[in-house]
Amino acid sequence: MNCINKKESVPVKIGDFTVYCEKFKSTGVKNFSEQNTVSGNEIITNSGKKAVRITFSGRICSEKTLEFLVKINDMMYSTESLSIEYKGTVFGKCYIQSFTVDDENNGYISVTLTLIATDISLKGVEIS
């Protein structure tokens, strides 16, 4: 199998919509608090991990393509979390951080969604 030449969109269910994902990106950050001692040495006094940012870029094909814009905007105001699966990885306790919708009158819309997730696990595998 030559995976360099193979490219397929991956369907990702977000709310009531399916995003045909063409690009996925994930970033994680851990912040450190640093202090200097009286002698000038550096010490780390505290640290804290931030939620993982996940970004899906792709298309939504629907007869009412801009309905997604209304629904995703409403979802940003919600305090309810989402659970999203992508290629066997489950992102739990997700919240929508940002979105971009691009309509070029092609019968679909291009979207980019950034979510924050506090739980990440493999589908069917409990990680302790």
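1. A nonpolar core is here a set of buried Ala, Val, Leu, Ile, Met, Phe, Trp, Tyr and Cys residues joined through side-chain atoms within 4.5 Å. In this predicted model, the largest such core comprises 23 residues. Val12, Ile14, Phe56, Phe68, Ile84, Cys94 and Leu115 have the most contacts inside it.

2. At least two residues of this core are supplied by each of β1 (10-14), β2 (17-27), β5, α1 (67-77), β6 (82-86), β7 (89-103) and β8 (108-122). Strand β8 gives the largest share, namely five residues.

3. Leaving aside residues up to four places away in sequence, Phe56 touches Val12, Ile14, Cys21, Lys23, Phe24, Ile84, Tyr86, Val111, Thr112, Leu113 and Leu115.

4. Is Ser57 buried or exposed? Its relative accessible area is 17%, and because buried means under 20%, Ser57 is classed as buried. Ser57 belongs to strand β5 (residues 52-61). Its side chain forms a polar contact with the side chain of Thr112, at 3.3 Å. With residues up to four places away in sequence not counted, Ser57 touches Tyr20, Cys21, Glu22, Lys23, Val111 and Thr112.

5. Ser47, in strand β4 (residues 42-49), is partly exposed, with a relative accessible area of 37%. Ser47 touches Lys30, Asn31 and Phe32, again not counting residues up to four places away in sequence. Between Ser47 and Gln97 there are 50 residues of separation in sequence and 23 Å in space, C-alpha to C-alpha.

Terms used
Residues are numbered from 1 along each chain as its sequence is written. This is a predicted model: local features need pLDDT of at least 70, side-chain atom pairs count only at pLDDT 80 or more; totals for chains, interfaces and linings use all residues. Side-chain values use heavy atoms; hydrogens and water are left out. Helices (H or I, at least four residues) and strands (E, at least two) are DSSP runs, numbered from the N terminus. Buried means under 20% relative accessible area, exposed over 50%, partly exposed in between (1.4 Å probe, protein chains only). A polar contact is a pair of N or O atoms within 3.5 Å; within protein, one must be able to donate a hydrogen and the other to accept it, and residues adjacent in sequence count only if both atoms are side-chain atoms. Contact means heavy atoms within 4.5 Å.
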